[in-house]
Amino acid sequence: MDENFPRNLRSLCADHGSISQICRDIGINRQQFNRYLNGSSMPSAHNLRRIARHFDLTEELLLAAPSTFEAEQRQTGPGTGDKSSEAFLAPYTGQLKNLRRYLGFYHSYFCTPSWEGRIFCSLVRFSEKDGLIICRSYENATSGDKSVRQISRYDGLVTMRGNRIFITEHERAHEGSVAQTILYTAHRQQLKYLRGMTMGLAWRPYPHPYAAKAIWKRVSERVTAREAIAACGIYPAQSRQIDPTIRSHLSVEPGYLSSGKAT
């Protein structure tokens, strides 16, 4: 039994990303957890229960023979539900504990070939609904001569793997595009900025996929909804209306990569 537990625990950790994040979520010291992983120490009954609850397993299964443990995991893992939608939603369920501190409004900034040489700003909200963390985005941009206007709304789901936030969104419009964004925080206690990449479909001058660096800035609670919406739009790359941290992040490397083109 003493040999079963560390092997089963290592198998779980391999599927759940950062061990440091797991320790923080459970509330167990990393050095102590390492002793559980290498088999030099067994957890107390209290800690065993905490670990089991974190992984949504029974204590008995954690101590079971690896063959029994792996067979049970295969039966209850993603893709074994009665409906394909259940398998798709599996990574997005039970995420409130991981993402609670990220709930709220953000301005999302990135460069897109749809607006060459500009920074695009949209408004995003993370919230909880029916046990899922959902994302809603609003885009509103108008060209300088008023000849082109882009208004888009997206709905999506959010999950966390390790210390990375994964967002999958679909446009509400009929046959609208699907976008994927991956974000991370530079430091655990720093929630003002989330940095990463966004991938989507440029809609002009012709539809083609692209990937671009992105940075999100948390919207202060002092900012009204009207003010947050008014800030959406397109800005010159060096606009003084854009936070210097955002300008710096988006200008370090080329703005985006697209099919057959890099700038």
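Predicted model: local features only at pLDDT ≥ 70, side-chain atom pairs only at ≥ 80, totals over all residues.
**Stop 1: T185**

Select T185 and show what surrounds it. Beyond its neighbours within four places in sequence, T185 is in contact with Y102, Q190, L191, Y193 and L194. T185 itself sits in the loop between β6 (178-184) and β7.

**Stop 2: the whole chain**

Zoom out and colour by secondary structure. The protein has 10 helices and 11 strands. Of its 263 residues, 44% count as buried. Now consider the contacts with a separation of 6 or more: residues 24 or more positions apart account for 51% of them. Switch to a surface.

**Stop 3: confidence**

The average is 85, and 90% of the residues score at least 70. Next, select residues 78-82. Here the pLDDT is below 50, and the stretch has 5 contacts in the model beyond near neighbours in sequence. Then select residues 259-263. The pLDDT stays under 50 there too, and the model has 10 contacts beyond four places in sequence for this stretch.

**Stop 4: helix α1 and N8**

Select N8, in helix α1 (residues 4-15). N8 is buried, with a relative accessible area of 1%. What does its side chain meet? A polar atom of the N8 side chain lies 2.9 Å from the backbone oxygen of L62. Leaving aside neighbours within four places in sequence, its contacts are L61, L62, L63, A64, P66 and F69.

**Stop 5**

Move to A52, in helix α4 (residues 45-54). A52 counts as buried, at 2% relative accessibility. Its contacts beyond four places in sequence are L57, T58, E59 and L62. Draw a distance from A52 to L9. The C-alpha atoms are 9.8 Å apart, across 43 residues of sequence.

Step on to D56, in the loop between α4 and α5 (59-62). D56 is exposed, with a relative accessible area of 70%. Check its backbone: phi is positive, about 60 degrees, although D56 is not a glycine.

**Stop 6: aromatic pairs**

Show the aromatic side chains. How many aromatic pairs are there? The count comes to 7. Select F110 and F120. Their rings form a tilted pair, 5.4 Å centre to centre with 40 degrees between the planes. F110 lies in strand β1 and F120 in strand β2, so the pair ties together parts that are 10 residues apart in sequence. Both residues, F110 and F120, are buried.

Now select F126 and W216. The ring centres are 5.6 Å apart and the planes are at 50 degrees, so F126 and W216 make a tilted pair. This pair links distant parts of the chain, with F126 in strand β2 and W216 in strand β8, 90 residues apart. F126 and W216 are both buried.

For a cluster, select F5, F33 and Y36: these residues form one aromatic cluster.

**Stop 7: D130**

Follow the chain to the loop between β2 and β3 (132-142), where D130 is placed. D130 is exposed, with a relative accessible area of 72%. Its phi is near 55 degrees, a positive value in a residue other than glycine.

**Stop 8: helix α10**

Finish at helix α10 (residues 244-251). Its buried residues are I246, R247, H249 and L250. Look down the axis: the buried residues of α10 fall within an arc of 165 degrees, so they line one face of the helix. An α-helix has 3.6 residues a turn, so residues three or four places apart point the same way. What does the buried set pack against? The partners are β1 (104-110), β2 (118-129), β7 (193-202) and β8 (208-218).

Last, select D243 with T245. D243 caps the N-terminal end of α10, with a side-chain oxygen 2.8 Å from the backbone nitrogen of T245.

Definitions and conventions: Residues numbered from 1 in each chain as written. Heavy atoms only, no water. Helix = DSSP H or I, 4+ residues; strand = E, 2+ residues; numbered from the N terminus. Buried < 20%, exposed > 50% of the residue type's maximum accessible area, 1.4 Å probe, protein only. Contact = heavy atoms within 4.5 Å. Arc of directions from axis to C-beta. Polar contact = N/O pair within 3.5 Å; in protein donor to acceptor, adjacent residues only side chain to side chain. Phe/Tyr/Trp six-rings, centres within 6.5 Å; stacked < 30°, edge-to-face > 60°. pLDDT = per-residue confidence, 0-100.
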